[in-house]
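Q: Hi! I've got a structure open and would like to talk it through. Could you help me?
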Amino acid sequence: MIKMAVLGFGTVGSGVVELIDINQEVIRRAVPEGIYVKHILDLREFPDSPYNDRVTHDFEDILNDPEIRIICETMGGKEPAYTFTKKALERGISVCTSNKELVAAFGPELLKTAADNHCSYLFEASVGGGIPIIRPLNECLKQEEITSIYGILNGTTNYIMTRMEEAGLSFEEALKEAQDSGYAERNPEADVEGHDACRKIAILSSLACGKTVRYEDIPCEGISGITKEDFGYARKMGMAIKLLGVMKREKSGLCVRTAPFMLKADHPLYSVRDVFNAVFVHGNMVDDLMFYGRGAGKFPTASAVVSDIMQLAATLGTNLPCVWSAETVSLSDSGQERYRYFVRADKGLQEAAKKNFGQIEYVHSDMSAEDEIAFITPRLTEDEWAKSSTAFGDVISKIRLLSD
Ligand code: HSE
C-alpha cells in the first residue's frame with residue numbers, strides 16, 4: 001500500500017482518514033496498491049477514535065519515515081503548515097492541501113519547491129470545498145483566455161445569508177448554526193469579513209492568468225453589515241444578495257474584487273443557497289461554464305483532498321506542473337470600476353440623494369422603516385461613488401448591483 005500522513009485531525013483531516021477507509025475499494029480502481037494513512041499529526045489525543053494509535057505529536061516522525069510518500073495538510077493557517085509543507089517538498093514528498101490561506105500566500109513558492117524536488121503540490125480542496133475547480137482551470141481550460149470568474153466561494157456566509165433571508169434569523173443566530181455545523185473557520189472573521197473568499201478568488205484568478213494575483217491587492221468587503229432589511233428590499237426587486245469573488249478582464253486590465261452584490265433572478269448564481277458554492281467561469285472559446293457543489297463540510301472537502309491524494313499516488317516521483325507562476329499581476333485601478341449601487345439612508349436625505357447621485361430610482365419594501373429611503377444610483381465609478389457619498393452623508397447600507 002502507498003503510505004501517507006495527514007497533518008491536522010480536525011473536520012477535514014478526520015474526513016480524509018475516514019473517506020480513505022470507507023471508499024478503499026473504489027480508490028483501488030485507480031490506485032490498485034491502495035492507500036494507507038500511517039501517521040496523523042495533531043497536538044491532541046483522540047481516545048475515542050479508532051485512529052488514535054496512528055496519532056503523533058512530532059512532525060519529525062513523519063518526515064523521517066522513509067515509507068511516507070504523500071502528506072496531506074489539513075491544519076489550516078500559515079504556520080506551522082508552511083514549514084512542514086516546505087520541509088516535506090524539499091525531501092521529495094508530495095503534498096496536497098485544503099489550506100487556502102497557505103496556498104494564497106505561498107502557492108508559487110511551494111509549487112516551485114515541488115518542481116525542483118520532482119514531487120507535486122496540489123490544492124483542489126482550497127477553493128469550493130468538494131467542487132472540482134482547480135484541476136479544471138489548471139488542466140482542462142489551459143487553452144482558454146478566461147475572461148471572467150464570478151464565485152460564491154464561502155459556504156459559511158452563503159449559509160448565513162440564506163438563513164437570514166429565508167428563516168429571518170439574526171446574523172448571530174445564523175453564524176452560530178454555521179459554526180455548529182463545522183462550516184465556519186475557527187475565527188469567523190475570516191469568513192464574515194470576506195477574507196476567506198478573497199483568498200479563494202486570488203487563487204482562481206492566479207490560475208486563470210497563469211501569474212500571481214496577490215490577495216492583499218484585492219478590495220475586500222464582507223457581510224457583517226448586511227441586514228434582514230436589505231434582504232427585504234432585494235426580495236422586492238426580485239434580487240438575491242450574495243458574497244462574490246469576482247475577476248473580470250476589462251480594457252483597463254484585470255479587475256478583482258470580493259464584496260456582497262445584488263444579482264437578478266436570471267443570473268446563474270442567484271439560486272445558490274445554503275452551504276453550496278458555485279463558480280461561474282467564462283472562457284473566450286468555451287463560453288459559459290458553471291461549477292456547483294458543497295463549498296464546505298467534512299466529507300465534501302475531504303473528497304476533493306482525496307482526489308489529490310489519488311493523483312499524487314498515481315504519479316509518484318514526478319512533478320505535476322501548474323500554470324501559476326510567481327510573476328505578479330498589477331490589478332487595474334479599482335476606483336474606475338463602474339456599478340449601480342443600492343443605498344439606504346435617512347429620509348431627511350431625500351433631496352441630497354437627488355442632488356448628489358442624479359437620476360435615482362426609489363425602492364420600497366414591506367420591511368421599510370418609516371424614516372428611511374432606499375434607492376438605486378445610476379452607474380458610477382467607485383471614485384465617483386466615494387465623492388458623491390461623502391457629500392451625501394451617512395448611508396445605512398450600500399450594496400453593488402452585479403451588472404446592468
Ligand atoms: N470556512 C470555509 C467556508 C470553509 O465556509 O467556505 C471552506 O473553505
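Q: Which residues of helix H13 are buried?
A: In H13, which spans residues 350–357, they are Ala352, Ala353 and Phe357. Buried means under 20% relative accessible area, exposed means over 50%, and partly exposed is in between (1.4 Å probe, protein chains only). Helices (H or I, at least four residues) and strands (E, at least two) are DSSP runs, numbered from the N terminus. This is a predicted model, where local features need pLDDT of at least 70, side-chain atom pairs count only at pLDDT 80 or more, and totals for chains, interfaces and linings use all residues. Residues are numbered from 1 along each chain as its sequence is written, and side-chain values use heavy atoms, leaving out hydrogens and water.

Q: Why do the buried residues of H13 line one face of the helix?
A: Looking down the axis of H13, they fall within an arc of 105 degrees, so they line one face. That arc is taken from the directions from the helix axis to the C-beta atoms.

Q: And what's on the other side of H13?
A: Glu351 and Lys355 are there, and they are exposed.

Q: OK, what covers the buried residues of H13?
A: The cover includes strand E15 (372–376), strand E16 (380–381) and helix H14 (382–392). Contact here means heavy atoms within 4.5 Å.

Q: How many residues of E2 are buried?
A: Five of the seven in E2 (residues 35–41), so E2 is largely enclosed by the rest of the structure.

Q: How many bridges join E1 to E2?
A: Six bridges join E1 (residues 2–7) to E2, and Met4 has Val37 in E2 as its bridge partner.

Q: And how many join E2 to E3?
A: Two bridges join E2 to E3 (residues 55–56), with Thr56 in E3 as the bridge partner of Leu41.

Q: How many bridges are there between E1 and E4?
A: Those strands pair over five bridges, in the parallel sense. Lys3 stands opposite Ile68 in E4.

How values were computed. Two strands pair if DSSP finds at least two bridges between them.
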